[in-house]
Each structure stands twice: as C-alpha cells, then as structure tokens.
Amino acid sequence: MKHDATDLFGLFTHFLVLSLLAIGGAITTVPDMHRYIVAEHHWLTDAQFTASIAIAQAAPGPNVLFVAVLGWNVAGPLGTLATMTGILIPSTVLSLWATRWGSQRRETRFVRAFTAGLTPLTLGLLLATGWVLAEPYLLEPTHRWGALALVSVTLLVMLRTKLSPMWLVALGCIAGAFGFV
Amino acid sequence: MTGVDAAAPLAVPASRRELFFAFTRLALQGFGGVLPVAQRELVERRRWLSRDEFVEMLAISQVLPGPNVVNLALMFGDRAFGWRGAMAALGGMLLAPMVIVLALTALYVRFDQYPMVTGALRGMGAVAAGLVLSTGFKLLGTLRRNPMGLPICLVFGTLTLVGTAWLRLPLAWVIAGLGSVAISVAWIRMKPR
C-alpha cells in the first residue's frame, strides 16, 4: 500500500490526540483507532486490524506495542514512527509534568473527582475494546463458535484462577493452528 | 509476600544503564501484560520500590493518559535520575520488545497465506479479546468504592461502551462530553476534605 506524506501526518496527529485520551492505557483507544484506520480510511481490513493486535499480544513486552504493529501494517517503518511517536510524546510530557505537580495535590477534591469520574469510562472503554477485537470473528459463521469458546475459556480462567495469560495465548495459538477457531 | 522484609532498606539503581537493562529484562518477560512482572521485579527482586510506593505509582499512572506501565517506567526513571532516567527506563522497556514484535509482523506478512498461520493468529486474537474483557470485569468491583455510587458508575460505563463500540463515536467526543459530566457528578457527590 502506498501512502503519501499527508496520510502519514494524519496518522501521526490522530495518534497524538489519542495519546491524551488514553486514560486507562493505550488499549482503551482501540475502538477509535479501528474507526479511523478501518472504517474511515480503509487502510487495513477488519481481519488485518485484529491480527495486528494479536501479534503484539503474542510477543513479549508492553501492550502498547500493538500501536507499532498497526503503524507498520499501514505504512511500513515510517508508519511505525508516526504511530509510536504520536502515541508516546504527549502522554510522556504530560506524565512527567503531572507527576511532579500532582504528587503534592493527590488529596485535593479536584484530583479525586477527576479520578473517580473517569474510572467508569475507563472500564466501559475496556469492555468496548474486548468487543471490537472479538466482533470480526463472531460475525463470521465459520469462526463464530470456536472464537466464542476461546473468549469464554479465557474469561473463565482469568477470573477464576491465577494462571499466567501466557498459557492462554499458547492455547489460542494451538487451537487456531489446528483449525478449531 | 514471601522473601520481602518490609523493614529492610530499599536499594537504588546504580546507573541509567542499569535502569535501561532492568526495564528491558522486565519487558521481555511480559507475555500478555507487563504489570505483574513489574511488581515482581521492582518490588520483590530488585527492591527498588516498597509495595506501598509501587501501588501509589500505579494509581497515578492509571489516571494519567498513556500506557500505564510506560507511565510507571517514566515516573520511576524520573525519580531516580531525572528526565534522562525517565528516557532510559522508557527506552529499555520499549526498544528490544519493539524489534521482536516488528520481526514477527514481517514474518507474518510472508506466511499469511498458510491456513495454519492465520488460524493460529485468529486463536490468539480471540484470547486477546478475552484477556481485555477479563481485565475490565475484574476492575468492575472497584466501582463499589467510587464516590458516585455503583448505579451511577454503571450508567456512565454502559454509555461509554455503547457510544464507542456500537455507535462508534469519536473517543474525543465521548471523553469530553461524558467525561466532564462524570467528573462534575463526582465533584458534587464528594464531600470537601
């Protein structure tokens, strides 16, 4: 896929804005990345988008690296540069500044209201992200039941046991490779 | 937690280089999330933070925008060696894992016509969805201690879910609109301290 400088700049500025909205982690902005990259610009298909995130989940490291993979799949190394610097610069600057400012004001009414008010939105966004990731499989009749089974097993194991997510990722890999999903 | 003596003095990172490699080591162990590994390495193995300090830093890093565990690295690095320390911790955490994940991506593009490969990725994608959902469900319990009360929180959470997953509204609108209403409600419900 060929992209010009305008596309790269658009990608960069979109991720700059998302960086400041990513309360609760970069993963909570997945629905908006999907809206921008898949629905609005058609740079990736639904399946490519979900595969990008799955690759990042399968590899070690912070979850935010799915942003690097998305950038790579849209426009190669320059795409990664655009998305990663976009998602990191604003939140890094703000983080460093706010930690120094906020550590003295943690108990003030404003800081507490800010935290308390945004917590339910963060959780709503996490559930929305889970839905956006699962949806492309659930809508396809051939993959629906296998995917639903894997999502349910993952939920059950994560909520009921202390097993490392690594084993579930391995289970998904094997079940998928042998055609159960 | 076994092996942690609360009274023993904490250690400090000796140099920015040590900080860099400590965060690389920590990141490379994190399959499906780095936070649990960060706790084990920083608090229990290296003893650079007490458990209380870790929880406090985590709370702040969750309120701030941006990736939580990245914010945690920044904060810790900043405390140890100022902004250069923050850059060392950030670079250590991201560089090596990024090379690995991009190599996997490049490999995947070459093998994506094999049904076994696409199948494996589909399986991992479904698990990834389940992991994110389970994190959301686990944290729902914390809403009981929210000053707005559980029912109001569930209304805000549901509206966010419907707005972003179903109506696909731009996130900026949802946070600016719904977020400012929620912060105002929390402010009113909260007694001044």
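Two residues are taken to be in contact if their C-beta atoms, placed from the backbone, lie within 7 Å. This is a predicted model, in which local features need pLDDT of at least 70 and side-chain atom pairs count only at pLDDT 80 or more, while totals for chains, interfaces and linings use all residues. Residues are numbered from 1 along each chain as its sequence is written, and chains are lettered from A and ligands numbered from 1 in the order in which they are written.

**The two chains**

Helices (H or I, at least four residues) and strands (E, at least two) are DSSP runs numbered from the N terminus. A residue counts as buried if 20 or more other C-beta atoms lie within 10 Å of its own, as exposed if 12 or fewer do, and as partly exposed in between, with C-beta atoms placed from the backbone. The table sets out the chains in these terms.

| Chain | Elements | Residues and buried share | C-alpha extent along principal axes |
|---|---|---|---|
| Chain A | seven helices, zero strands | 181 residues, 55% buried | roughly 55 × 45 × 25 Å |
| Chain B | seven helices, zero strands | 193 residues, 47% buried | about 55 × 45 × 35 Å |

In chain A, 58% of the contacts between residues at least 6 apart in sequence join residues at least 24 apart. For chain B, residues 24 or more positions apart account for 48% of the contacts with a separation of 6 or more.

**Domains and core**

Chain B is divided into domain 1 (1–115) and domain 2 (133–193), with bounds that come from an automatic or database domain assignment. The C-alpha centres of these two domains of chain B lie 28 Å apart.

A nonpolar core is here a set of buried Ala, Val, Leu, Ile, Met, Phe, Trp, Tyr and Cys residues joined through C-beta atoms within 7 Å. The largest such core has 117 residues, and those with the most contacts inside it are A:I55, B:A73 and B:A89. Helix α4 (residues 68–111) of chain B provides the largest share of this core, 18 residues. Domain 1 (1–115) and domain 2 (133–193) of chain B both give residues to this core, so it lies between them. Leaving aside neighbours within four places in sequence, B:A73 is in contact with B:F23, B:A89, B:L90 and B:M93.

**Helix α1 of chain B**

B:F23 is also one of the buried residues of α1(B), which are B:R16, B:L19, B:F20, B:A22, B:F23, B:L26 and B:A27. Seen down the axis of α1(B), these buried residues fall within an arc of 165°, so they line one face of the helix; the arc is that of the directions from the helix axis to the C-beta atoms. What covers the buried residues of α1(B) includes α2 (35–45) and α4 of chain B. Helix α1 (residues 16–28) of chain B has 13 residues and reaches 18 Å from its first C-alpha to its last, close to the 18 Å expected at 1.5 Å a residue, where the expected span is 1.5 Å times one less than the number of residues.

**The interface**

Where the chains meet, 89 residues of chain A are in contact with 84 residues of chain B. On the side of chain A that touches chain B, α5(A) gives the most, with 24 residues. The residues of that side of chain A divide into 58 nonpolar, 26 polar and five charged, with Ala, Val, Leu, Ile, Met, Phe, Trp, Tyr, Cys and Pro counted as nonpolar, Asp, Glu, Lys and Arg as charged, and the others, Gly among them, as polar.
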